[in-house]
Amino acid sequence: MASTSEMGSADFETLVSTSDVELLKRAWRNEKAAPEILQYEAALVDRAKEQIELVEETIEEYVEDGIDPLVVSLYQMDLDRTQFLLRSYLRVRLLKIEKFMFHNHKSEEAQQRLSEQEKVFAKRCAGDLEKHFEESVLVKLPENYQSVLKQSLISEVDDMVPQPHLDTFVVCRSNNFVSLNLYEEGESPETVEMERGDLYFIRYKIVRGAIESGKIDLI
């Protein structure tokens, strides 16, 4: 079996799959631009982590074997790019969990989009903030107003919980032909047809489903 140091360019393409790098970049862009947290790309993240480990091993062996430093630097550049995308993708998601911690913790739909580690993080954040408010602020308020989630105990909904604004306008590009309904159920129907490569400035909730299915990307 050939050692890592004997790998050619074809083997390197296997280690750092261009398609996976592009998919990671796409996931990162969508996550950055979407007002809500998107589905966690578990399989993609796992593959990226495996590829990073393999390339790190490759670089280490190349350095030990005295391979041309220019070749090593090219490997390192690709490694740095993949690590940057992965870290940025995960960081953006953590920022959204912190911003909408109570919503993400209470919403079943949002919970389904989180990784197991993110669920633990969301639960811990919500618990810590609730405890802090209870000890520093709520204990000093009248009994009917000692809720982190509601303005008062008579409120029928959790009106103190920030939620993502799905009416936010976003810039998107279509990957395939797609027909979108511009209005919600019960309103006069009007559609827009997007050809592959078309750019649109449109409300997020209109393209929400198409983003999840991969027909549209945010930019």
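Let me begin with helix α8, residues 204–212, whose buried residues are Y204, I206, V207, R208, A210 and I211. Buried here means under 20% relative accessible area, exposed means over 50%, and partly exposed lies in between, with a 1.4 Å probe and protein chains only. Helices (H or I, at least four residues) and strands (E, at least two) are DSSP runs, numbered from the N terminus. After α8 comes G214, with a positive phi near 85°.

A word on the source. This is a predicted model, in which local features need pLDDT of at least 70 and side-chain atom pairs count only at pLDDT 80 or more, while totals for chains, interfaces and linings use all residues. Residues are numbered from 1 along each chain as its sequence is written, and side-chain values use heavy atoms, leaving out hydrogens and water.

Turning to the whole chain, there are 8 helices and 5 strands, in the order α-α-α-α-α-α-α-β-β-β-β-α-β from the N terminus. Of the 219 residues, 37% are buried. Contact means heavy atoms within 4.5 Å; among contacts between residues at least 6 apart in sequence, 63% join residues at least 24 apart.

Next, consider N176, in the loop between β1 (169–174) and β2 (178–181). Why is N176 classed as partly exposed? The reason is that its relative accessible area is 40%. Leaving aside residues up to four places away in sequence, N176 touches M194, E195, R196 and K215. The C-alpha atoms of N176 and K215 are 5.6 Å apart, although 39 residues separate the two in sequence.

Finally, E57 belongs to helix α3, residues 42–64. E57 counts as partly exposed because its relative accessibility is 47%.
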